[in-house]
Amino acid sequence: MKLDTSRALFEEALQVMPGGVSSPVRAAKPFPFYTKSAKGCRLTDADGNGYIDFCMGYGPLILGHQPAPVKDAIGKQLDEGWLYGTPCELEVRYARKIRNYYPGMQMMRFVSTGGEATMSAIRAARGYTGRDKVVKIEGGFHGAHDGVLVKAGSGAATMGVPDSLGVPKDFTKHTLQVPFNDIRAMEAALESNKDQVACVIMEPVMCNMGPILPKEGYLRAVRNLTKEHGVVLIFDEVVTGFRVGMFGAQGYFGVEPDMTTLGKIAGGGLPIGIFGGKKEIMEKVAPQGGVYQAGTFNGNPLSLTAGMATVDYLDKQRAHIKLNESGEALRQALTELLKRMKLDYSVSGMASMFQVFFGPKPENYQQALRCNKALYDKFWSHMLENGVFLPPSQFETCFLSTAHERGDVEDTLRAFIKSCGAL
Ligand code: PMP
């Protein structure tokens, strides 16, 4: 595979960008390929190589690259302008639409990234309760802001620096950690910090350690416990919102949090974050209340348009039915292949999300960290050589889109057999 242009671009990038990349997890070894264009489920790099994409922009692209309904909607919106600095009808329409799917988001605010949404949700929960402490789940990733960069998943786990330099201890001393799927630990944390915890923030399905599913009854138990303690429960559905189904993980598992954060798919591939929840909490947000939040790009018309077109398409086409079936079939096929090859790796996931763990299927962060990362890295390189692009980390989730067709999945399974065989 010829990669001369990508190699040269990376060398140039190293001079002007830390690590040569715009975000850490993109720093594939020995150098990343540089994408020139993307269409459907395929990426084409600067040297003309093609790849089947399972990264899908880290989740937003549930309809693939450049889906026609989204592209058309963006095109029309471009003719109306792309930044107003005033309110516009779109945001009212989209907020009402979102509330239909996430009724717990009685009021909401549109921001620009998922990280901003979780940062603002935590601030609102603190403002509302007058408490400082935050409980997060070990390995949970909620964006790259100070208070949550403790035992964080995604790139932070891959790099082996769960705590970032430059974050004063004072900023994280209010952040408590508990393991996922361990209700006793959650109970102990809330008991021993009585009347001090503002919120529990969690991904209902952990997606930044690879996908890790909640055990039966766990989310319900967290809901009951937080209610008992007067603690705001925030479900970070930046990945799972509109991914697991139209109603997110909260709809799938039938557990309603006090606040929800959305992003990724909700922006149809353009930058977005949304935080919302109970009226009495959201009424605390400025200008109605004293919790400050503001942004030049909040409620960006292009992002709202792309998000709305994506959501409408998913709903009208009932796209999740087929997509989630394809996900289930793919996970089964991978599991079957591993069994046939007598490899004791495991396949995890739900809906259209999956990951191959090089070790037993984990239930929490500590177990995920025991997987063989070095082997995953080798596997990743072989998959790439065989034309399949996976996220370059054991601790990320692979995403199927509606643009992946049967032939693409068959090509992927062939690449998988070759890559596992080569390990
Ligand atoms: N929450 C979760 C669950 C995420 O996976 C991510 C990013 N992958 C974020 C928040 C942060 O979103 P963004 O990158 O848009 O800031």
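The paragraphs below lead through this structure from its domains to a single lysine. The model is a predicted one, and the protein in it is divided into two parts, domain 1, made of residues 4-66 together with 318-421, and domain 2, made of residues 68-315.

Between the centres of domain 1 and domain 2, taken over C-alpha atoms, there are 25 Å. Where the two domains meet, 31 residues of domain 1 are in contact with 38 residues of domain 2. On the side of domain 1 that touches domain 2, at least two residues each come from helix H12 (319-340), strand S11 (346-350), strand S12 (353-357) and helix H13 (365-369), and S12 gives the most, with 4 residues. Sorted by class, the residues on this side of domain 1 are 16 nonpolar, 13 polar and 2 charged.

Now look at an open sheet, in which 4 strands follow one another in the order S1-S2-S3-S13 with mixed pairing. Its edge strands are S1 (35-39) and S13 (388-389), each of which pairs on one side only. S1 and strand S2 (residues 42-45) run antiparallel and are joined by 4 bridges, and the bridge partner of Lys39 is Arg42 in S2. In general, strands of a sheet pair through backbone hydrogen bonds, and they may do so either parallel or antiparallel.

A parallel example is found in strand S5 (residues 133-137) and S6, which are joined by 4 bridges, with Val135 standing opposite Leu176 of S6.

The next stop is the ligand, which is surrounded by 17 residues, the closest being Thr113, Gly114, Gly115, Gly143 and Val238. Helix H4 (residues 114-129) gives the most to this shell, with 3 residues. By class, the shell around the ligand contains 5 nonpolar, 10 polar and 2 charged residues.

Helix H11 (residues 301-316) has 16 residues and reaches 22 Å from its first C-alpha to its last, close to the 22 Å expected at 1.5 Å a residue. H11 is mostly covered, since 12 of its 16 residues are buried, and among them are Pro301, Leu302, Met308, Val311 and Leu314. What do the buried residues of H11 pack against? They pack against helix H2 (68-78), helix H3 (89-101), strand S4 (107-111) and H12. After H11 comes Arg318, whose phi is positive, near 45°.

The last stop is Lys278, which is found in the loop between strand S10 (273-277) and helix H10 (279-282). The C-alpha atoms of Lys278 and Thr260, which are 18 residues apart along the chain, are separated by 9.4 Å.

Notes: Residues numbered from 1 in each chain as written. Predicted model: local features only at pLDDT ≥ 70, side-chain atom pairs only at ≥ 80, totals over all residues. Domains from an automatic or database assignment. Contact = placed C-beta atoms within 7 Å. Nonpolar A, V, L, I, M, F, W, Y, C, P; charged D, E, K, R; others polar. Pairing = 2+ DSSP bridges. Near = placed C-beta within 6 Å. Expected span 1.5 Å × (residues − 1). Buried ≥ 20, exposed ≤ 12 C-beta atoms within 10 Å, placed from the backbone.
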